[in-house]
Amino acid sequence: MFGISHQRREEFDRAALVHVPELLRFATRLCGSADAGEDLLQETYLQAWRSFHRFAAGTNCRAWLYKILLFTHSAQTRKRARQPFLVDFDAAGEAALLVDAPTPDVLTAEAVKAAFDRLPEHFRTLVLLVDVEGLTYREAAEALNVPIGTVMSRLNRGRGLLRVELARNVPESSTGARNGMILSAERRARP
Amino acid sequence: MNLDCQQVREVMDSYLSEELSVETNHGVLHHVSECRDCAAELKRRQRLRALLSETLDVAVNDVNADRVRMRITQAVDRERRSSQRIARLGAIAATLVAIVAAAYWAGNRVDAAAYSDSAEDHVACALTYSSSTVYDPDRAAHNLAPPFEHIVDVVGRSHGVYQVIDAHMCPFKGRNYAHVVIRGNGQTLSLFAERAERGALPDTPTTVLAGDALDVHATTRLGYGISAVATRDYRLFLVSERPTDPPDLAQDILRSAVRFIRGLEK
């Protein structure tokens, strides 16, 4: 029994521990601080170790670890602990209209950070996973436990909302809105 | 594939994520090579993507990563040792439960075939002796085995008209009886002694053995009367065709056999 445990431990080291740097970066971004990120990552790896007998060797360990990390984070923040990625469609309703919002001409790091922080958490997480961490749509779908089509549509909304948030905070003359693409309902209603 | 501006902007981010099919990818490239507005929007989105990574960049150097990896390794090792301890304790607990259960089962099991086996061996062995058989101490000494070598000496070679005609070890159905064959008054009796290895005697009506505190179980198998006594380590069975004459002679034989057994148990 203990020989099997040792072998399992070696497999765990080989398959899972190589992703520590990447997951540490993601956890820190997700939590907003290095200490909280490290704690989240340790708990994630403990959960992964406890469930490692269910992990099928040869499948995508990276996506599996992201999935555990997101579940653990969700449980820790007591938000939707059992529901991996439910979207509040009322809040996201407006964003659905904004998928074609143009990107402002002038972008600053501060404006991008502020716009990103204003995104609803479920969009923020997805943009972080795909546009920053570079997960494929399929890996993101696996990590979030949703169909790939759902990832694509939510990502579209998240990216669109990010552009709208950026446009809110830059001079109107510097947005690509001049190029004739769709504006938000709010902007169109402005006198 | 020809794409218009609206279509290109819808798939522009997927283009940047390299998630488009080859055909759609070519459609985007072809469109932006001819459309300045969309080419500009593509550049802005590339810039936004780069700024996003730059802004959210978290410095994770090798030292940090190694330290966290070490911390995780130690936590996993603690978890693993804890699981192993729990598994060991579980195995010990399971073993103890099994031992207690086995002891309980052994202490409560009943030797259901005790009476019928003694009656069957009586038929198979004692009743085959010829009427002319007489006791031969040398034959008995040769055929008895420890600890029963002296059973006849203690039980006595005669009880009234009843005489011991033979004694031997008598293996029967996995049992190892010491078998004393007694004859008198026109019938043959068998006195069997065996170690108590198969559990308690089955319940039957009992009487108290005269001069002793032991219960005498009385029952009938195959038409033969059986009186049985259980001591701490041994079982005694007296099998007869009919009650002895006088009736308490059977008790005399049993009592003397109990005396022999008590000597073994000291």
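**Reading two chains, feature by feature**

Reader: Is Cys61(A) buried or exposed?

Author: Cys61(A) is buried, because its relative accessible area is 7%. Buried means under 20% relative accessible area, exposed means over 50%, and partly exposed lies in between (1.4 Å probe, protein chains only). Cys31(A) is partly exposed, because its relative accessible area is 27%.

Reader: What kind of model is this, and how are its parts numbered?

Author: It is a predicted model: local features need pLDDT of at least 70, side-chain atom pairs count only at pLDDT 80 or more, and totals for chains, interfaces and linings use all residues. Residues are numbered from 1 along each chain as its sequence is written, chains are lettered from A and ligands numbered from 1 in the order in which they are written, and side-chain values use heavy atoms, without hydrogens and water.

Reader: How many disulfides does a search of the whole structure find?

Author: A disulfide is a covalent bond between the sulfur atoms of two cysteines. The search takes pairs of cysteine sulfur atoms within 2.5 Å. Over all chains, it finds zero.

Reader: How many helices and strands does chain A have?

Author: Helices (H or I, at least four residues) and strands (E, at least two) are DSSP runs, numbered from the N terminus. Chain A has 10 helices and zero strands. Chain B has eight helices and eight strands.

Reader: Which residues does His73(A) touch?

Author: Contact means heavy atoms within 4.5 Å. Leave out residues up to four places away in sequence, and His73(A) touches Leu30(A), Cys31(A), Leu40(A) and Glu121(A). His73(A) sits in helix H4 of chain A. It counts as buried, because its relative accessibility is 10%.

Reader: What about Ile68(A)?

Author: Ile68(A) also lies in helix H4 of chain A. Ile68(A) is buried, at 12% relative accessibility. With residues up to four places away set aside, Ile68(A) touches Thr44(A), Gln47(A) and Ala48(A). Its C-alpha atom is 9.7 Å from that of Leu41(A), 27 residues apart along the chain.

Reader: How many contacts join residues at least 24 apart?

Author: Count contacts between residues at least 6 apart in sequence. In chain A, 74% of these join residues at least 24 apart. In chain B, 63% do.

Reader: At what angle do H7(A) and H8(A) cross?

Author: Axes are lines fitted to C-alpha atoms, for helices over the stretch in contact, and angles run from 0 to 180 degrees between N-to-C directions. Helix H7 (residues 121-132) and helix H8 (residues 137-144) of chain A have axes that come within 10 Å and cross at roughly 145°. Leu126(A), Leu129(A) and Val130(A) in H7(A) meet Tyr137(A), Ala140(A) and Leu144(A) in H8(A).

Reader: Why is H8(A) called largely enclosed?

Author: Six of its eight residues are buried, so the rest of the structure largely encloses H8(A). Among them are Glu139(A), Ala141(A) and Ala143(A). The cover includes H4, H7 and H9 (148-168) of chain A, and H1 (5-16) of chain B. Just after H8(A), Asn145(A) takes a positive phi of about 60°.
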